[in-house]
Amino acid sequence: MATVYRGDAYNTDFDSTTYVKTFVLSDLEGVHKANAFRSDMFKETLSKGDFTGPRLLEIGGGPNITNVIHACTRFPEIIFSDYSENCRQAVEKWVKNTPDACDWSHFIKSVCEKEGNGNKWEDRQAMVRQSIKEIVHCDIHKSNPLEPKVYEPFDAIMTSYCVETASPDKDSFKEAIKNITNLLKPGGNLFMFTVFNETAYLVGERQFYTLNVDQTLVKTAIIEGGFHIVSAEVQSIDTVYSDASTLSFLSAIKQ
């Protein structure tokens, strides 16, 4: 039986460069479909949302700045967090524009072109870099996931495919949502992408664990975590790198 990696393996066995090439920059149709869903959901939500402040936290962003490319247009102060040192270093290299950083220019151009601002992609790239104020460690299974850092409650939180890959069981999934809630101010917004019916995903030759969740569990966890659900959308998915069936986007407000 093949080894399935999880937990601290994200610091020792997770190849952040391969992950980005596989799940973000790949030309495969399934990857394009997943990225289009994430971009469309964020663009639509951010364009019509009535947000109450400038500060946003990304939980479990991985080595991926996709969410920030959209979010920086509404939230100029972003704290980026991830459990994996490898992933944090990958994002830090890009923010500092080091020679060995991942090249996100093509992706940023495509986002700007879809918005009708293709000639302003360099301005957006500079905005993304400027918006990321800190890159910090997070552990969603702690009551303060950003420990030892302490922040004033955030105006909004976004997280993508994080809680299900970090939670060993359904109870810990629900508890992680409550821990994330602790970081958000009352009336603040949660933007959450989740993958349904996935048990593992491939990064290179290595399988990484995912808790198999569905829409019922996710909605229950969000409501029990003290949120009012504003919208919930799903998109079917099929990729050779994962056994997932569906992607989900949920927007909620902390009560």
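Leaving aside neighbours within four places in sequence, with which residues is N35 in contact? This opens the following notes on the structure, which is a predicted model.

1. **Surroundings of N35.** The residues in contact with N35, once neighbours within four places in sequence are set aside, are F23, V24 and F107. N35 belongs to helix α3, which spans residues 29-48. Its relative accessible area is 8%, and N35 is therefore buried. T18 is 17 residues from N35 along the chain, and the C-alpha atoms of the two are separated by 16 Å.

2. The structure contains 18 aromatic pairs. One of them joins Y10 and F208 in a tilted arrangement, with 5.0 Å from centre to centre and 45 degrees between the planes. Y10 is located in helix α1 (residues 9-12) and F208 in strand β8 (residues 206-209), so this pair ties together parts that lie 198 residues apart in sequence. Both Y10 and F208 are buried. A further pair is formed by F14 and Y19: the ring centres are 5.5 Å apart and the planes meet at 45 degrees, so this pair is tilted. F14 is buried, its relative accessible area being 6%, and Y19 also counts as buried, with a relative accessibility of 16%.

3. **Arginines over rings.** The charged end of R6 is placed over the ring of Y209, at 3.9 Å from its centre. In the case of R55, the charged end sits over the ring of F154, and here the distance to the ring centre is 4.3 Å.

4. **D155 and its contacts.** R55 also takes part in a contact through its backbone: the backbone nitrogen of R55 is 2.8 Å from a polar side-chain atom of D155. D155 lies in strand β5 (residues 154-160) and is buried, with a relative accessible area of 7%. Not counting residues up to four places away in sequence, D155 touches T52, G53, P54 and R55, together with L184, K185, G188 and N189.

5. **The seven-stranded sheet.** Seven strands make up an open sheet with mixed pairing, in the order β4-β3-β2-β5-β6-β10-β9. Its edges are formed by β4 (132-137) and β9 (227-236), each of which pairs on one side only. On average, and with direction ignored, neighbouring strands of the sheet are turned by 15 degrees against each other. Within the sheet, strand β6 (residues 184-196) pairs with strand β10 (residues 246-254) in the antiparallel sense, over eight bridges. T194 stands opposite S248 of β10.

6. **Helices against the strands.** Helix α9 (residues 170-181) packs on the sheet and touches β2 (55-59), β5, β6, β9 and β10. The direction of α9 makes about 145 degrees with that of β6. Helix α10 (residues 215-224) lies across β6, β9 and β10, and runs at about 160 degrees to β9.

Conventions. Residues are numbered from 1 along each chain as its sequence is written. This is a predicted model: local features need pLDDT of at least 70, side-chain atom pairs count only at pLDDT 80 or more; totals for chains, interfaces and linings use all residues. Side-chain values use heavy atoms; hydrogens and water are left out. Rings of Phe, Tyr and Trp (its six-membered ring) pair if their centres lie within 6.5 Å; planes under 30 degrees apart count as stacked, over 60 as edge-to-face and the rest as tilted. Helices (H or I, at least four residues) and strands (E, at least two) are DSSP runs, numbered from the N terminus. Buried means under 20% relative accessible area, exposed over 50%, partly exposed in between (1.4 Å probe, protein chains only). A charge sits over a ring if NZ of Lys or CZ of Arg is within 6 Å of the ring centre and within 35 degrees of the ring normal. A polar contact is a pair of N or O atoms within 3.5 Å; within protein, one must be able to donate a hydrogen and the other to accept it, and residues adjacent in sequence count only if both atoms are side-chain atoms. Contact means heavy atoms within 4.5 Å. Two strands pair if DSSP finds at least two bridges between them. Axes are lines fitted to C-alpha atoms, for helices over the stretch in contact, and angles run from 0 to 180 degrees between N-to-C directions.
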